[in-house]
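I opened the model to look at its ligand site and its metal site. My notes follow the order in which I looked things up.

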Amino acid sequence: MTPHTPPPRKLTILGATGTIGINTLDVVARHPERFQVVALTGQNQIDKLAEQCRRFQPRYAVVLDPGKGRELEILLAGTSTRVLVGVAALEQVASLPEVDSVMAAIVGAAGLRPALAAARAGKRVLLANKETLVMAGRFFMEAVREHGATLLPIDSEHNAVFQSLPAGYRGNPAGHGVRRILLTASGGPFRTRALETLKDVTPEEAVAHPNWVMGKKISVDSASMMNKGLEVIEAHWLFDAAPERIEVVIHPQSIIHSMVEYLDGSVLAQLSNPDMRTPIAHSLAYPERVEAGVPWLELAKIGQLTFEAPDFARFPCLRLAYQALAVGGAAPAILNAANEEAVAAFLERRIPYLGIAATLEATLGRLSGLPAGSLEDLMAADGEARRTARELMTA
Ligand code: NDP
Ligand code: MG
């Protein structure tokens, strides 16, 4: 190490065994002098977590279930990694004094509490878990401000917007000459499929994304465009942008990851190959830049970048997300929870693909007025939405 090399950034990776977690470790491994792993967490994939621990030698490894914790202890016998168990341990490793950056990459509502713990501890929060902002955007953003945390978006669209906004942007788009945020969407595997055949979509077809390799839940969300709907809500909170300032444009090649339009007519975009290691490396090293292992973009080979308006009849989940954002309060948390239940049911073949949007619409219709004055209210709305969605799906 030369005298000018800064000490390594110390990292906790929540959801290390998932696609974002694995990509994060891939970037970390390319820069051992810059990044050091302090804690890794997983849920079911104990063998993979053990292998990651042997390679990166974190001080802590966390799982939820005590039985899995014992399995992991056996696999890690003789190493210096301590196994911790339970939700409180997730919050603990997200707020350790020696950690400066926390990658929040647990999937779903389960990611909220640990991400919030990282924000409250004033960490650099690398936020992949968009559900945190959809469920509790107001409270999470308050925690970031109050505790001086630094929020860096990992979701490729929001990372692109972050990179295309003026340096030091702190909300209030109009004050920065920003007219609109343009979120790009690939349109997923069903963009051109005949509408009358959508009723026959299988889980295998829905998780086969044309451009990205992702976890199952977000892959189904991409097929239904619920993912883009969640991202509209995410952008609203991250960038303090009213819904009418956030527009979705379909861009099937997934090269432009999103854009910011300014009042003078300029549109700034961020482009890269569709590989999550780009936004991950951007946020890990921010404000510096490091190699991410992503192939260089060869525009002449790509040839064409095309754009379309989204079709709300084909993608009712996108319409429902705008609707939930307009209603505000607990509606986005209800939408998110009902969606998690509906996607799980679809993946288990308990409901058809079109049943996802139908379940969300019916759940929102029943529950939109639930209180949202506190985090506890939102957790209660989440629980109520799950119960209602399950009931509707078995009716
Ligand atoms: P995966 O399903 O691949 O990984 C999820 C991770 O969370 C795994 O480590 C899993 O452990 C762990 N996990 C699952 N459930 C729980 C739980 N209840 N408590 C604690 N840990 C849990 O998801 P992705 O990596 O694809 O996505 C992670 C997050 O990032 C999501 O919020 C997603 O929306 C967001 N995101 C993902 C993108 C992508 O390209 N994949 C792009 C943009 C955002 P295990 O596997 O050991 O069971
Ligand atoms: Mg995204």
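**Ligand 1: polar contacts**

I started with T19: an N or O atom of its side chain is 2.7 Å from an oxygen atom of ligand 1. I count a polar contact as a pair of N or O atoms within 3.5 Å; within protein, one must be able to donate a hydrogen and the other to accept it, and residues adjacent in sequence count only if both atoms are side-chain atoms. I then checked the backbone. A polar backbone atom of G18 sits 3.1 Å from an oxygen atom of ligand 1. For Q43, a backbone N or O atom is 2.9 Å from a ligand 1 oxygen atom.

I looked up the cover next. Ligand 1 has 900 Å² of accessible area on its own, and the protein covers 88% of that. Accessible areas come from the Shrake-Rupley method with a 1.4 Å probe; for residues, only the protein chains shown count as cover.

**Basis of the model**

This is a predicted model: local features need pLDDT of at least 70, side-chain atom pairs count only at pLDDT 80 or more, and totals for chains, interfaces and linings use all residues. Residues are numbered from 1 along each chain as its sequence is written, chains are lettered from A and ligands numbered from 1 in the order in which they are written, and side-chain values use heavy atoms, with hydrogens and water left out.

**Ligand 1: the shell**

I listed 24 residues around ligand 1, with T17, T19, N44, Q45 and E131 the closest. A residue is near if one of its heavy atoms lies within 4 Å. By type, the shell holds 11 nonpolar, 10 polar and 3 charged residues. Gly counts as polar here. Domain 1 (9-153) and domain 2 (156-273 + 299-319) each give at least three residues to the shell; the bounds come from an automatic or database domain assignment.

I followed up E131, which is in helix α6. Helices are DSSP runs (H or I, at least four residues), numbered from the N terminus. E131 is buried, at 6% relative accessibility. Buried means under 20% relative accessible area (1.4 Å probe, protein chains only). Its side chain makes a polar contact of 3.2 Å with that of N129.

**Ligand 2: magnesium**

Which residues coordinate the magnesium ion? I found D155 (OD), E157 (OE) and E231 (OE), at 2.1 Å. Donors are N, O and S atoms within 2.8 Å of the metal (3.2 Å for Na, K and Ca); water is not among the atoms, so the site may look incomplete. Along the chain, the donors follow the spacing D-x1-E-x73-E. E157 in helix α7 (residues 156-164) and E231 in helix α10 (residues 226-239) are 74 residues apart. I noted E157 as buried at 8% relative accessible area, and E231 as buried at 1%.

Methods: Helices (H or I, at least four residues) and strands (E, at least two) are DSSP runs, numbered from the N terminus. Buried means under 20% relative accessible area, exposed over 50%, partly exposed in between (1.4 Å probe, protein chains only).
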